[in-house]
Amino acid sequence: MSEAFFGKIVVVITRFLKIRIKSQNVFIHECNQIDEFRGIRMNVILIILDALRYDHVTKDITPNLIKITEKGAFFTQAFACNSATKLSMPCILSSDKSYDPEKNIAAVIGRHGYHTALIHSNPIVRPYSLGFEETLDIKSSKLRPRRGIWKKMRRKLPSTVVSGMKAVRAALVDEEKFLPYARADETIDFALNWMEDNGDYFLWIHLMDPHIPYYPKETKLDVTRREMIELHDKIIETARGNYQPTDEEIEMAKTLYREDIQEMDVDLGRFHESFDDEDLLIITSDHGEEFYEYGQMSHPGNKIVPELIHVPLIFYGGGVKRNLVIEDYTSHLNIVPTILEALNIPEKLGIGKSLWKSLTE
Ligand SMILES: [Zn+2]
């Protein structure tokens, strides 16, 4: 059999299977409205709020996120597999401790006809874009050169010189350019435009606002941007175990972190207003954050404690019941099997278990 002929057969079989999958979905998800163009295939959006602690999801700090929890299912005892992005992401995307570009949610549902995309501004998540059809890093070109040069210089110079350079950098750096990632307003705008132009998709949106540096657009504190940058350098040194912050510095860090989250929550509210609840939305964070409870700050990835692994987990839309508060223990491992069951894709991926029945029955 010639290669071209074999290729044609594969295309015909694939088309046939796609039609079969669509018609099965119509039967299984009859509660959803049927779109004559898309069948009943719902879009799935996964929003990861990098470094958001569970105890910061409250009516005071995140009123918009709380509104989403009230329209969907909110797990109050959900846990990340680890305490840093690199170690946590495989569980979220592969339901396993390691990430395989062929065995992750994007690769699997991509084979079932979904367009898969990642919108982010965090270079650390780039390895987990393998398996996605489209990766949109909306900040990388601004980020990489500066970090690279600074890191190389810092390694080669004595610490007194490095301290001096930090002070000079703090004085000279363009205030907004200091932020190494895109803020939620920019990322959400980008995502909403992308969603308007696409259909039949699995979209992972990665928001960085709770992550260091704590650098809100506005603060109630009487501190300058330069002082925020100086605090950031101290947080890095504390995370490495080289610095002991004062109580004032810890409180300042907590306030700026909270304000970053409050600003992000406004954009989550905008997202919510535009969201079509026939689609499925999943919101979680990859890990929490430490504020010197155990002698370090941020998330060095070297310990498993509640502040670092207790995370919010929310499912909304796509047939998920409203106003469900689920207090059972669960983990990121269960996200992928839940998505597969929601989409009626009969494939086993990873070691987690589907939560779909508890969300819909
Ligand atoms: Zn992270």
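## Overview

What percentage of the 361 residues of the chain count as buried? The share is 40%, where a residue is buried if 20 or more other C-beta atoms lie within 10 Å of its own, exposed if 12 or fewer, and partly exposed in between, with C-beta atoms placed from the backbone. This is a predicted model, in which local features need pLDDT of at least 70 and side-chain atom pairs count only at pLDDT 80 or more, while totals for chains, interfaces and linings use all residues. Residues are numbered from 1 along each chain as its sequence is written.

The chain has twelve helices and eleven strands; these are DSSP runs numbered from the N terminus, helices being H or I of at least four residues and strands E of at least two. Among contacts between residues at least 6 apart in sequence, 73% join residues at least 24 apart. Two residues are in contact here if their C-beta atoms, placed from the backbone, lie within 7 Å.

## Confidence

Let us look at how far the model can be read. The average pLDDT of the chain is 85, and 80% of the residues score at least 70; pLDDT is the predictor's confidence in each residue, from 0 to 100. Residues 1-39 stay under 50, and the model has 26 contacts beyond four places in sequence for them. Residues 142-148 are also below 50 in pLDDT, with five contacts in the model beyond near neighbours in sequence.

## Two helices that meet α9

Axes are lines fitted to C-alpha atoms, for helices over the stretch in contact, and angles run from 0 to 180 degrees between N-to-C directions. Angles under 35 degrees count as roughly parallel, over 145 as roughly antiparallel, 65 to 115 as roughly perpendicular and the rest as oblique. On the α8 side the contact uses Met-228, Leu-231, Lys-234 and Ile-235, and on the α9 side Glu-249, Met-252, Ala-253 and Leu-256. By class, these residues are six nonpolar, no polar and two charged. Here Ala, Val, Leu, Ile, Met, Phe, Trp, Tyr, Cys and Pro count as nonpolar, Asp, Glu, Lys and Arg as charged, and the others, Gly among them, as polar.

Helix α2 (residues 63-71) also packs with α9, at an angle of about 40° and with the axes 7 Å apart. That makes α2 oblique to α9. Pro-63, Asn-64, Leu-65, Lys-67 and Ile-68 of α2 meet Asp-265, Val-266, Leu-268, Gly-269 and His-272 of α9. This contact has five nonpolar, three polar and two charged residues.

## A covered helix, α11

How many of the eight residues of helix α11 (residues 335-342) are buried? Seven are, and the helix is mostly covered. The buried residues are Ile-335, Val-336, Pro-337, Thr-338, Ile-339, Leu-340 and Ala-342. Their cover includes β1 (44-49), α3 (85-94), α4 (105-110), β6 (280-284) and α12 (356-360). Just after α11, Asn-344 takes a positive phi of about 60°.

Ser-298 is found in strand β8 (residues 297-298). Ser-298 is buried because 23 other C-beta atoms lie within 10 Å. Leaving aside neighbours within four places in sequence, Ser-298 is in contact with Ile-212, Ile-235, Ala-239, Glu-289 and Glu-290. Ile-235 also takes part in the contact of α8 with α9.

Leu-324 belongs to strand β10 and is partly exposed, with 18 other C-beta atoms within 10 Å. Leu-324 and Glu-70 are 254 residues apart in sequence, yet their C-alpha atoms are 7.3 Å apart in space. Beyond four places in sequence, Leu-324 is in contact with Ala-73, Phe-74 and Leu-359.

## Backbone details

Most residues other than glycine have a negative phi, and most peptide bonds are trans. A cis peptide bond joins Ile-212 and Pro-213, with omega about 0°, and Pro-213 lies in the loop between β5 (201-207) and α8.

Asp-200 has a positive phi near 55° and sits in the loop between α7 (184-197) and β5. With 17 C-beta neighbours inside 10 Å, Asp-200 counts as partly exposed. Asn-323 also has a positive phi, of about 55°, in the loop between β9 (310-317) and β10 (324-326). Asn-323 is exposed, with 10 other C-beta atoms within 10 Å.
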